Amino acid sequence: MRASSNNPLRIVLLGPPGAGKGTQSELLCARLHIPHISTGELLREAQHAGTRLGRIATACIDKGGLIPDEVITGVVEDRLNSARTHTGFALDGFPRTVAQADGLELILHHLGVQLTAVLYYDTPEDVLIQRLAGRWTCEGCGHIYNFDEPQSGSSKPCDICGGKLYRRADDNPEAIRTRFKVYHECTQPLVEYYASRRLLHTIAAIGQVEEIYLRSLQTLGISN
Ligand code: AMP
């Protein structure tokens, strides 16, 4: 199946830090040929490039806080206004607050389109902590790895591009605690928000990446 201008899939991936939204978005976007819009990734790129957005992000990301709603909503609006999203998109890490969800509704309304589905990756906290402890990201292509033995990432190159793997600065215990707190206070209410709009689909985000991916495809009514 290929998303097209006749059959655009506009999805949001929702879930706590470590739920696997990044990994699942990457797989779904490759399968569905739609752009992957990860606000975390956009912010890390801006940090790297030293732009104004990057400087705003630096003040918040490493401590585990959120960057202001109006700033991130503006970034997403620019992306959604681009022609590349005509065949659909997957939003990963946005919205994260009710204000952002309201902002998204307004942007989509102006574009004359609607969300297809919100995939909520429901994950027990012990699984989240274990995943975050073993998470490494490729410096070159951004691919995410999860190792059972957290130190493994320091000696392995990326299987895809050979790039060096790094640990995210906000995957330290203190920032992780803050991110969970922020998630419960600011993001968890979106479960109810999208359930009340009949867009929410809950996916048990436990087990192997491939199993969760198959559940995601099934939820979207797509064959493997
Ligand atoms: P992520 O890669 O999705 O885990 O995002 C990493 C960090 O980027 C978050 O902990 C926030 O500091 C920031 N961030 C990403 N998306 C958003 C958003 N939608 N609103 C506010 N801050 C965000």
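## A walk through the model

Select strands β2, β3, β1, β4 and β8: they form an open sheet of five strands, in the order β2-β3-β1-β4-β8, with parallel pairing. (Strands here are DSSP runs of E of at least two residues, helices are runs of H or I of at least four residues, and both are numbered from the N terminus; two strands pair if DSSP finds at least two bridges between them.) Strands of a sheet pair through backbone hydrogen bonds, either parallel or antiparallel.

Before going on, note that this is a predicted model, where local features need pLDDT of at least 70, side-chain atom pairs count only at pLDDT 80 or more, and totals for chains, interfaces and linings use all residues. Residues are numbered from 1 along each chain as its sequence is written, and side-chain values use heavy atoms, with hydrogens and water left out.

Now select β4 (residues 117–122), which pairs with β8 in the parallel sense over five bridges. Here Y120 stands opposite T202 in β8.

**A helix across the sheet.** Next, show α2, which lies across β2 and β3 (88–92) and runs at about 65° to β2. (Contact means heavy atoms within 4.5 Å; axes are lines fitted to C-alpha atoms, for helices over the stretch in contact, and angles run from 0 to 180 degrees between N-to-C directions.)

**The ligand.** Keep α2 (residues 39–49) in view: with four residues, this helix gives the most to the shell around the ligand. Altogether 15 residues surround the ligand, and the closest are T39, G65, G93, R96 and Q100. (A residue is near a molecule if one of its heavy atoms lies within 4 Å of it.) Zoom in on G65, where a backbone N or O atom lies 2.5 Å from an oxygen atom of the ligand. Then pick R44, with a polar side-chain atom 3.0 Å from a ligand oxygen atom.

**The three-stranded sheet.** Move to the open sheet with the order β6-β5-β7, which has three strands and antiparallel pairing. Its edge strands, β6 (144–146) and β7 (165–166), each pair on one side only. Select T137 to find Y166 of β7 opposite.

**Last stop.** Which residues does I56 contact, leaving aside its neighbours within four places in sequence? They are I67, P68 and V71. I56 itself lies in helix α3 (residues 52–61).

Note on methods. A polar contact is a pair of N or O atoms within 3.5 Å; within protein, one must be able to donate a hydrogen and the other to accept it, and residues adjacent in sequence count only if both atoms are side-chain atoms.
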